[in-house]
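Hi,

Here is the structure I promised to pass on. Have a look at it first, and then read my notes below.

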There are 2 protein chains.
Amino acid sequence: MTEQPAQTTTAGDPATARGEQTRQLIRDTAMRLFRERGYAQTTMRAIAQEAGVAVGNAYYYFGSKDHLIQEFYAQSQVAHRAAAQPVLDREEAFGARLAGVLHAGIDVLTPSHGFAATFFKTAAEPTSPLSPFSAESSGPRQAAIELFGEVLTGSTAKVDAELRPQLPELLWLAYMGVILYWVHDRSPGQTKTRQLIDGAVPLIDRLVALSRLRVLRPVTRQVLDLIRTLRH
Amino acid sequence: MTEQPAQTTTAGDPATARGEQTRQLIRDTAMRLFRERGYAQTTMRAIAQEAGVAVGNAYYYFGSKDHLIQEFYAQSQVAHRAAAQPVLDREEAFGARLAGVLHAGIDVLTPSHGFAATFFKTAAEPTSPLSPFSAESSGPRQAAIELFGEVLTGSTAKVDAELRPQLPELLWLAYMGVILYWVHDRSPGQTKTRQLIDGAVPLIDRLVALSRLRVLRPVTRQVLDLIRTLRH
DNA sequence: GTCGGTAGTTGAACACGTTCAAGAAGGGCG
DNA sequence: CGCCCTTCTTGAACGTGTTCAACTACCGAC
């Protein structure tokens, strides 16, 4: 329906499209209010009022309140990528790179803990376009998976040839698991999530290394076959 | 606030409490409409009308529309337990018992695939009392964990002594993972979920067996320490 | 410069979940 | 029977997300 008209404009830079200012204004206002009041407590009327536009105008740019969440995803993904860059430049060991990138992801999300939690409620619904597994999210998801590809590419780790192509997506999946834990993490400063990362990374590291052993080849293959079967 | 008054009644059988009939009527009507129309498409007004009561009356027994979901959980858990009984009576091998119980769980849920999916949206929200990790759900959760305890107790499997006390909860967690996959499973008849179970159970079986090996002791301990740390 | 069409904007209106003050029904006790 | 207290029931009213017919602002074409 009527969504993201800037992108359906015939040619031309979307940034200079007429409504682009309004679009950004509404988005930024929404993000601010989400942070200040939380998601549920922020009404569409409040967003519109604070942005100085009519309610219907917000719906011209964003199909629903939930669609504003996707905007949050996109922003977070970009911020994660940026925050991960120093780690990718600095570290060479697979474990250090992975831990760094995972920590960077949580770093970026930390200011939003509390209200981001409610987001993942919507994200968990399979029918929702906001699901990280959905087609609509494939853009940010691919970007995220690629980030974990870089974790691997730039590292000194030697990975089983069969495992390698699957690994970035598996690492992304592990990252989703970390986020799921983080969302439920009530420990002050989400310390437990940090412990989870620091505890799980060495295990993943060891597991990846073990995958090359001849003795474990059958298991590795069995796991990979299962994963291949389960992918859509 | 005003919830489940039958349980706050001073002594006496809740089943004979005055409003218990109405309570069940509303619950059953809601479940039927959920099945017929889906969760979002079923309005509280429709539930009330079909049950022949006022809207407010439904709220007297169930604090919110979401609370009706918890009713669905409870029913499903009981049905799962019943469906698992034959397997527990018949099978002795750990793998067969685990696979049977997991399949039984999906069997019970299958008729509700589609609308049950939207339920888990709410379940994923950490702040929601409907979260499988929440205190409010601890009853059904404990029952479910105990079911996996029986999978273990009645089996011939030899399990590492340190792992054993943690294992039922871990198996329950794996079951949650299966359900998460099932919810997103769009394959006809959710065949893929069945494949997931049949593929993952042998791996879990092997893993549990390996946990006793002296060589892997450090890893086992490392994993268990991490899990213990992460639990609340 | 005016005309026409698209992009952008408006706010009242709708359906929904939820609340609550008011009342009805039941039952124990004098 | 009359009284009181708890349990149960009612439906109008509120705030919310969302829709949509109407309107305005802009821009290229002639």
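**What I found**

To begin with one detail at the DNA, a phosphate oxygen of DNA strand D sits 3.2 Å from an N or O atom in the side chain of B:Y60. Please keep in mind that this is a predicted model.

The side chain of B:Y61 also takes part: one of its N or O atoms is 2.7 Å from a phosphate oxygen of DNA strand D. From the other chain, a backbone N or O atom of A:T42 lies 3.5 Å from a phosphate oxygen of DNA strand D.

Stepping back, 21 residues surround DNA strand D, and the closest are A:R45, A:K65, B:G19, B:A54 and B:Y61. Which helices are involved? At least two residues of the surface near DNA strand D come from each of α3 (44-51) and α4 of chain A, and from α4 of chain B as well. The largest share, four residues, is from α4(B). Sorted by class, the residues of this surface are eight nonpolar, eight polar and five charged.

Now for DNA strand C. It is surrounded by 21 residues, with A:G19, A:A54, A:Y61, B:R45 and B:K65 the closest. Sugar or phosphate makes up 61% of the atoms of DNA strand C within 4 Å of the protein, and the rest belong to bases.

- A:A54 has a polar backbone atom 2.8 Å from a phosphate oxygen of DNA strand C.
- A:Y60 has a side-chain N or O atom 3.3 Å from a phosphate oxygen of DNA strand C.
- B:T42 has a backbone N or O atom 3.5 Å from a phosphate oxygen of DNA strand C.

For the surface near DNA strand C, at least two residues each are supplied by α4 (55-61) of chain A and by α3 (44-51) and α4 (55-61) of chain B. The helix that gives the most is α4(A), with four residues. By class, this surface has eight nonpolar, eight polar and five charged residues.

**How the two chains meet**

Next, the protein-protein side of things. In chain A, 30 residues are in contact with 30 residues of chain B. Together the two chains bury about 2900 Å², and 66% of that is on carbon and sulfur atoms. How many salt bridges cross the interface of chain A and chain B? The rule finds zero. It does find eight residue pairs in polar contact across the interface, both residues being at pLDDT 80 or more.

On the side of chain A that touches chain B, α7 (115-124), α9 (167-184), α10 (191-210) and α11 (217-230) each supply at least two residues. The largest share is from α10(A), with eight residues. Split by class, this side of chain A has 15 nonpolar, nine polar and six charged residues.

**Symmetry**

Finally, how are the two copies related? Chain A superposes on chain B by a rotation of 180° with 0.0 Å of shift along its axis, at an RMSD of 0.0 Å. That is the relation of a two-fold axis. In chain A, the C-alpha nearest the axis belongs to A:K121, at 2.6 Å. Both copies use the same surface, and 100% of the contact residues of chain A recur in chain B.

Best wishes

Definitions and conventions: Residues are numbered from 1 along each chain as its sequence is written. Chains are lettered from A and ligands numbered from 1 in the order in which they are written. This is a predicted model: local features need pLDDT of at least 70, side-chain atom pairs count only at pLDDT 80 or more; totals for chains, interfaces and linings use all residues. Side-chain values use heavy atoms; hydrogens and water are left out. Contact means heavy atoms within 4.5 Å. Buried area is the accessible area (1.4 Å probe) that two parts lose on being put together, summed over both. A salt bridge is a side-chain nitrogen of Lys or Arg within 4 Å of a carboxyl oxygen of Asp or Glu. A polar contact is a pair of N or O atoms within 3.5 Å; within protein, one must be able to donate a hydrogen and the other to accept it, and residues adjacent in sequence count only if both atoms are side-chain atoms. Ala, Val, Leu, Ile, Met, Phe, Trp, Tyr, Cys and Pro count as nonpolar, Asp, Glu, Lys and Arg as charged, and the others, Gly among them, as polar. A residue is near a molecule or strand if one of its heavy atoms lies within 4 Å of it. Copies are superposed by least squares on the C-alpha atoms of residues with pLDDT of at least 70 in both.
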